[in-house]
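Here is my note on the structure below. Please read the points with the coordinates open.

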Amino acid sequence: PYKRRVLLACVSLAGLTAFQLIGPKLVGYAIDTGLDVTKEGGVSVAHGSLRTLLIAAGLITAAAAARGIFQFWQSYTGEWVSQRIAYDIRNDIYGHLQRMSFAYHDKAQTGQIMQRATQDVEGVRMFVSLGFIRLMYVVVLLIATLILMVTTDWQLALLSWVFIPPTALIAIRMTSKLRPIWMHVQNLQGELGVVLQENLSGMRVVKAFGREQYEERKFNAQAQKLFENSYATNRIQATYSPIINGVWAFAMVATAWFGANQILHGNLKPGDLAVFMLYLTMLQLPVRSLGFITALWARAGTSGQRIYDILDAESAVQERPGAVELTTVKGHVRFDDVSFGYDVISPVLRHVDIDAKPGEVVALLGQTGSGKTTVVNLMPRFYDVTGGAITIDGVDIRDATLATLRRTFGIVQQDVFLFSATIRENIAYGASNASDEDVEHVARLARIHDFIETLPDGYDTWVGERGITLSGGQKQRISIARTLLLDPKILVFDDSTSSVDTETEYLIQQALAELMKGRTTFVIAQRLRTVKSADQILVLKDGNIVEAGRHEELIKREGPYREIYDLELRDQEEAFEQERDRLAQIEADAGAGAVASVAGSAG
Ligand code: ADP
Ligand code: MG
């Protein structure tokens, strides 16, 4: 996309090279015409004129200035193009990661992706500015210098060229030794990133289990490998660079020696030798950078490979061409003989049938690992079913656009994630144009408003990594508020793990009741209130629905529901009633304001 800029860089490059190559010729002119030294009777006599010397000096300065201007344009445009390409690739990677399905993110290592989005992009950037544009420079300079050398003096040229192949070979050999280690270093950096990232996000576990030393050793071992390999690359460079320098110095000495002899025998003008030596110095750059440039190509190759691993990964969930928009959804959800497995070998759901009419509440119960979360993950197409079909109002969800499908759902997830932002921004996450009143309204409905009011900065309090830490119950109610704001047609509430104090439970219960009004709802929660009033209770076991019906029917059977009820739900009845009575009492005693302060301290 940046052809014009690249062209500009190339033109500048040509100008730069031309003026660079003129320099030595002007020096030669100054020496031979400006000075024109000859030996007469054992004494050196200069026949030149000051005027010619001044002209030569002026031309040399002008050439240097012109070269400087072209050099500026060349590095400026070259850098612009390379930075811009890096910027584009970074955005591509980020955008692509946003579009990948859950299946990809389940397996992808965050540290590795971070490494690729930073270090590998840098590898490609270096290639563009130094490997690609520089390569053209080097090639042009090499060819032009060789031609100019041979036209200056062919004998000297032949002599000095003898040294080019060995120097180039040593330079290339150095990089071929460096290349595999560089690649290894890149991988090691990624692995180190993984260790660091996992350590930081798992810090609570590390501390709880007193594994700081183990973690330190783990990091240390990884860092040690990185150190050894990085050090190995330096050792190789430190060994080879002096050898190259030595060979080149020898070439200079040999050429100067031979050239001086030629001058003594009158076969060569002193100016020509000066020109020649300057070209030889100039030649050093392209010859030496051959190795460096091949290394850049190699690094860009591996970096590009690692970047394309991300960019070429196809999302397992694809939007069908010509997919329809789900606009006015009533909320009739059907699972028709649905089977699913996260991988081919182990099925997680088997032949599941669900029929949730608009506005119905469906409660999913079952042991952990029975497939409850999986059931709800299939509806917004976080994963695609492997057998059967899911329909919404009769439309197969695979025929709908992903954007409209997902907008149909409001999901309160099992693990609530809050961004490093204010509470207000977190609540308005899915509806960024929501007004302050809207945010406050849903916070009230979610029974979290009173708590937020007790915070020093209210809705502008920062949460997440850079802000205050909220309890599980508080986070969950913020998540409920966030979902309420979307006003979704179909609601998913996944909260199988929570066991909170009765007061919080009471508040969540109320928030949830608010949330479910007029929506088709799927609840995964061991909450008696919700389960009791559900239109359908589905009991899952090993990916099968083993029992279905309403509370009153199921309680009479001696089946799996009855078992869950006796073990987990029954006790809640008493606690709930006590809490309700207690709050009613406080309310009666002190008026409506007291509830606010109770709610504020809850959580
Ligand atoms: P529940 O929510 O009822 O506790 P899940 O639906 O989370 O159960 O899990 C059902 C089964 O699927 C479990 O055996 C679990 O190990 C497996 N599972 C869940 N998530 C994944 C995943 N992302 N990749 C592979 N297997 C998974
Ligand atoms: Mg679950």
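**Ligand site and surface patch**

1. A polar side-chain atom of Tyr342 sits 3.5 Å from a nitrogen atom of ligand 1. A polar contact here is a pair of N or O atoms within 3.5 Å. The model is predicted: local features need pLDDT of at least 70, side-chain atom pairs count only at pLDDT 80 or more, and totals for chains, interfaces and linings use all residues. Side-chain values use heavy atoms, without hydrogens and water.

2. For Thr373, an N or O atom of the side chain is 2.6 Å from an oxygen atom of ligand 1. For Thr374, the distance from a polar side-chain atom to an oxygen atom of ligand 1 is 2.4 Å. Ligand 1 alone exposes 560 Å², and the protein buries 62% of that (Shrake-Rupley method, 1.4 Å probe).

3. The residues around ligand 1 include Asp106, Val348, Lys372 and Tyr383 (a heavy atom within 4 Å). By class, the shell holds three nonpolar, seven polar and two charged residues; Gly counts as polar. Helix α10 (residues 372-378) gives the largest share, three residues. Helices are DSSP runs (H or I, at least four residues), numbered from the N terminus.

4. On the surface, Leu8, Ile69, Phe72, Trp73 and Tyr76 form a nonpolar patch with about 510 Å² of accessible area together. Patch residues have over 30% relative accessible area and no salt bridge, with nonpolar side chains joined within 5 Å. A salt bridge is a side-chain nitrogen of Lys or Arg within 4 Å of a carboxyl oxygen of Asp or Glu.

5. Helix α2 (residues 50-99) supplies the largest share of the patch, four residues. Tyr76 lies in helix α2. Tyr76 is partly exposed, because its relative accessible area is 43%, between the limits for buried (under 20%) and exposed (over 50%).

Technical notes: Residues numbered from 1 in each chain as written. Chains lettered and ligands numbered in written order. Patch = residues over 30% accessible without salt bridge, like charges linked within 9 Å, V, L, I, M, F, W, Y side chains within 5 Å. Helix = DSSP H or I, 4+ residues; strand = E, 2+ residues; numbered from the N terminus. Buried < 20%, exposed > 50% of the residue type's maximum accessible area, 1.4 Å probe, protein only. Polar contact = N/O pair within 3.5 Å; in protein donor to acceptor, adjacent residues only side chain to side chain.
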